[in-house]
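I opened the notebook on a new model today.

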Amino acid sequence: MKRFFKKSIMAMTMASMSVLGACGNGKTTAFVGDDTFTTPGGKTVIFNLFKHASLEIRYDSISIQVDPVVSLPPETNYATMRKADIILVTHEHFDHFDTAAINALTDSNTLLVTNAAVRAKLKRGTALSNGGRLSVSDDITVEAVPAYNTTPSHQQFHPRGRDNGYVLTLDGFRIYIAGDTEDIPEMSQLLNIDVAFLPCNQPYTMTPKQLAHAARLFKPRFLYPYHYNDTPIEQVVDLLKDEKGIEVRVRNMK
Ligand SMILES: [Zn+2]
């Protein structure tokens, strides 16, 4: 199993999101089937979509867990899964941050990347602020991007500058995990996104209409609505049916 050496990790904070897309090479990627893709270099990326905001990305021999949470259904037994090479936590709300799940997935080689508030609670891991970037290895980069509410009466849920979305670049294959956010203007700076996860519930994140607007800001090739609870998510498919470049995939990510 390939593991990372901590010393190879280099963190630096970028002043803005203008660097987004710097790793995108413009090459197209191939769709393999279900939730499996190949990178421009021919490596495999598999998405295991557990629930709500929790998913695993398998890349080559690497396991990347995003917002792992035990306490929400369906049951996810992280203790029986392989240890994570990377864990990404977007923010400190219970449906994204769960110490039990993180502990079950962590060994001495696990790289934990969080926002500052989660870092302060856990007292370990690497905190990235919006615009922060981590070069994990030659072919893996993590960028933290803004995630916040814009609707005046909702801004207290996710205040600007506190939480993270993440853009993962795996051998040129670019994945955007939005975290809890509305359709913020910074999304228009996202470049060459192959797969995007966008949230869709009220009052915390977006309406289907906002989600469709968000998708049009950066046009991912594949769009997975997630974090949608009881939102009538088929509305997203309908709202984007004329966007031929965006394939919407609805999975059970309530
Ligand atoms: Zn939240």
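I began with contacts: two residues are in contact if their C-beta atoms, placed from the backbone, lie within 7 Å. On that basis I looked up sequence range. Residues 24 or more positions apart account for 56% of the contacts with a separation of 6 or more. I noted that this is a predicted model.

**Entry: overall make-up**

I counted the secondary structure next. The protein has four helices and 16 strands. I then checked burial. Of the 254 residues, 46% are buried.

**Entry: the core**

Which residues have the most contacts inside the largest nonpolar core? I found Ile-64, Leu-88, Tyr-176 and Leu-198, in a core of 65 residues. Strand β11, residues 140-147, gives this core its largest share, five residues.

I followed Leu-198 further. Setting aside neighbours within four places in sequence, I listed its contacts as Ala-178, Met-206, Leu-211, Ala-214, Ala-215, Leu-223 and Pro-225.

**Entry: helix α3**

Several of those names sent me to α3. This helix spans residues 208-218. Its buried residues are Pro-208, Gln-210, Leu-211, Ala-212, Ala-214 and Ala-215. I asked what covers the buried residues of α3. The cover includes β14 (195-199), β15 (222-226) and α4 (234-239). Leu-211, Ala-214 and Ala-215 are buried in α3, and Leu-198 is in contact with each of these.

Lys-219 follows α3 and has a positive phi, near 45°.

**Entry: cis peptide bonds**

I looked up cis bonds. Pro-73 and Pro-74 are joined by a cis peptide bond, with omega about -5°. I placed Pro-74 in the loop between β6 (62-66) and β7 (86-88). The bond from Gln-202 to Pro-203 is also cis. Its omega is near 5°. Pro-203 sits in the loop between β14 and α3.

**Entry: positive phi in loops**

I found Lys-123 in the loop between α2 (116-122) and β9 (126-127). Is Lys-123 buried or exposed? Lys-123 counts as exposed because 6 C-beta neighbours lie inside 10 Å, and the cut-off for exposed is 12 or fewer.

Asn-192 came next. Asn-192 is not a glycine either, and its phi is positive at about 55°. The residue lies in the loop between β13 (173-177) and β14. Asn-192 is buried, because 23 other C-beta atoms lie within 10 Å and the cut-off for buried is 20 or more.

**Entry: the β10 and β11 pair**

I went back to β11 and looked for its partner. How many bridges join β10 to β11? I found four, and the two strands run antiparallel. β10 covers residues 132-137. A hairpin links β10 to β11 through two residues. I noted Arg-133 opposite Glu-143 in β11.

**Entry: Glu-247**

My last stop was strand β16, residues 247-248, where I found Glu-247. Glu-247 counts as partly exposed, with 14 C-beta neighbours inside 10 Å. I then checked its separation from Arg-221. Beyond neighbours within four places in sequence, Glu-247 is in contact with Arg-221, Phe-222 and Leu-223. Leu-223 is also on the contact list of Leu-198.

Technical notes:
Residues are numbered from 1 along each chain as its sequence is written. This is a predicted model: local features need pLDDT of at least 70, side-chain atom pairs count only at pLDDT 80 or more; totals for chains, interfaces and linings use all residues. A nonpolar core is a set of buried Ala, Val, Leu, Ile, Met, Phe, Trp, Tyr and Cys residues joined through C-beta atoms within 7 Å. Two strands pair if DSSP finds at least two bridges between them.
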